[in-house]
Amino acid sequence: MFDAAMSQPAKLRIILQDHDIRRLDLPSGIPDTVDELHSLVQQTFQIEGSFALHFKDADFGDYFSLNSVNDVKDKDTLKVVHVLESPMVTLTLTNLDSSCPSGTESAIYPQSDSCSSGSQDTVILSSPEHMTHRSQCWPVEFPIPRFTYNTELVLASGNEAFEKEGILLSPTTILPDMLEKLADTIYQYVAYPTSAQLNHVAEALIQKHPCLREPGSFNGCYGWQQRLKYKMANYRCKLRTLGCPELEVNSLKKKRAHEKAAAKNIKKPRKAEVNYLPPHPQGETEESLEQVRLDLLSEVKKRNNSNNISEKMARTFSIRRQEVVNLAPPVDAFKERWPALFDVAQIREEFKRITTINLEATFMAKLDQYCPKLMDLVSSRGGAAKLKIQQIKETLLEDHTIERRREVAIRCMVVYLGEKEDDLFKEYLDAKALNRDLAGEVMKIMVNKATSTSDPANATIVIEGTEVLSGLDIPRACALLMGLIYALNLSYPTQLRHTFEVFQKLLLELDGLKASPKVMSLKQKLLL
């Protein structure tokens with residue numbers, strides 16, 4: 001009789017996250033064991049990592065760990081609870097002889113074997129991982145957090161009343177808890193949210209809790225957007241007093257004498273940086289990170305040492321960001337201090353640390369996606385722009401490689417936007433001409449015309465009169481120039497602001513919701 005019941009088709013409600021609830025159909029009935037049900041849920045919804053299943057008990061109205069399938073019936077609710085596995089940290093304790101040297105030197109440098117005893121004790125500690133920077137950019141769908149139990153009860157009752165009778169909820173009593181949780185969630189993505197991002201949060205809030213919709217508002221949530229705006233300002237003030245680097249940098253005591261005004265020279269992300277000014281890793285100080293930087297100077301001189309360099313570059317990310325944001329050093333001086341950064345692999349990694357985006361892969365994929373439509377679009381231009389675009393297209397006849405097609409698309413796009421490609425690219429014939437022209441260039445991609453058309457690796461990136469990268473094809477040089485702009489915290493050249501805006505918002509998809517009218521028009525035409 002039990003087996004017959006188990007073979008009956010069943011349906012389960014699966015809560016993957018607070019904002020993601022799915023339905024699981026079981027044509028063969030509920031599995032015989034919890035492990036089988038666990039595997040079925042994992043495979044059906046492609047869940048990664050460790051998790052446990054909790055079932056909702058009808059008597060208590062709360063969730064409990066699922067230890068037996070007897071607790072699960074047709075149309076029951078199961079909740080996926082992710083299990084965070086704490087990393088194992090191994091500490092090796094060494095008994096030191098009293099004869100070992102003491103003082104500053106022995107505190108900094110490791111002891112030699114002669115100063116240690118023959119026995120070592122190993123202690124295994126389980127500790128949570130402490131993240132010092134954000135790991136993801138602004139989400140497509142903002143996840144409304146779960147509020148306190150009392151607030152959730154009020155909202156559940158309000159949503160029910162709204163569905164039945166259309167009665168809106170007055171959230172006065174639960175407002176502080178809601179704003180605090182929302183501000184905390186927003187800060188996980190950005191410290192200075194834009195108006196569009198705050199509107200995104202407000203819309204997600206009333207979509208999940210329709211009882212919070214505001215009567216008389218043009219979109220039903222404008223008041224929530226304003227509340228979040230002022231709450232985030234207060235939230236930043238609170239974190240600033242706790243020493244948060246990306247907020248403390250804008251405190252009056254940190255500003256120079258002629259900038260002692262609250263709204264003057266605000267240092268904040270302006271190009272959708274996710275980790276603009278992160279704190280130091282746990283246990284690190286400016287002195288310890290400076291020592292790592294000095295070690296890097298010798299590491300870059302060694303061969304086949306990319307792993308050590310990458311580890312030390314990731315470790316010193318916070319102090320490097322403080323240097324470029326707070327001090328804004330010249331590029332040549334910064335290159336002397338951080339030579340490891342001026343490498344293709346490290347520029348990609350630095351860009352990913354700042355934005356969480358893969359630089360070259362994203363840039364080239366979007367460029368290839370838009371390339372056919374873009375080439376059709378630029379042909380519609382008239383006048384002098386049309387003649388210039390035709391000249392650029394003729395170079396495609398010389399070489400049909402993908403690098404050349406990408407180059408032609410970029411050059412045509414610059415002209416289509418009403419800007420001059422000569423402001424971005426400059427041709428030279430030999431190394432002597434390159435060295436002669438370096439000093440006068442603020443930001444330029446120098447193209448060697450002495451190389452054959454079959455050799456696309458003829459571009460050199462020059463910033464502030466300093467050669468920073470060479471041996472690149474032009475599309476790759478454009479992508480890596482964007483990486484350098486982010487890594488060095490540089491502004492876009494005024495005469496090419498629309499070109500670089502396209503690079504950022506269309507090809508790298510960073511802050512693409514808000515753009516200038518010219519770039520937004522181009523985006524809409526490319527997406528038609």
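Helix axes are lines fitted to C-alpha atoms over the stretch in contact, and the angles between N-to-C directions run from 0 to 180 degrees. The structure described here is a predicted model.

## Packing of H14 and H20

Two packed helices are described by the angle between their axes and the distance between the axes. For helix H14 (residues 359–378) and helix H20 (residues 517–527), the axes come within 9 Å and cross at roughly 110°. Angles of 65 to 115 degrees count as roughly perpendicular, and H14 and H20 are therefore roughly perpendicular to each other. Their crossing is right-handed.

On the H14 side, the contact is made by Tyr370, Lys373, Leu374 and Leu377, which meet Leu522, Lys525, Leu526 and Leu527 of H20. Sorted by class, this contact of H14 with H20 comprises six nonpolar and two charged residues, with no polar ones.

## The sheet S8-S9-S10-S11

An open sheet with mixed pairing is formed by four strands in the order S8-S9-S10-S11. Strand S8 (425–428) and strand S11 (466–472) are at the edges; each has a single partner strand, so one side of each lacks a neighbour in the sheet. From one strand to the next, the twist averages 25°. Helix H18 (residues 474–487) lies across S8, S9, S10 and S11 and runs at about 25° to S10.

## Strand S10 and its partners

Strand S10 (residues 459–463) runs antiparallel to strand S9 (residues 443–448), and five bridges join the two. S10 also runs antiparallel to S11, to which four bridges join it. Bridge positions in these pairings include the following.

| Residue | Opposite residue | Strand of the opposite residue |
|---|---|---|
| Met443 | Ile463 | S10 |

Buried here means under 20% relative accessible area. Because five of the five residues of S10 are buried, this strand is largely enclosed by the rest of the structure.

Conventions: Residues are numbered from 1 along each chain as its sequence is written. This is a predicted model: local features need pLDDT of at least 70, side-chain atom pairs count only at pLDDT 80 or more; totals for chains, interfaces and linings use all residues. Side-chain values use heavy atoms; hydrogens and water are left out. Two strands pair if DSSP finds at least two bridges between them. Contact means heavy atoms within 4.5 Å. Angles under 35 degrees count as roughly parallel, over 145 as roughly antiparallel, 65 to 115 as roughly perpendicular and the rest as oblique. A crossing is left-handed if the near helix is turned anticlockwise from the far one by less than a right angle, and right-handed if clockwise. Ala, Val, Leu, Ile, Met, Phe, Trp, Tyr, Cys and Pro count as nonpolar, Asp, Glu, Lys and Arg as charged, and the others, Gly among them, as polar. Buried means under 20% relative accessible area, exposed over 50%, partly exposed in between (1.4 Å probe, protein chains only).
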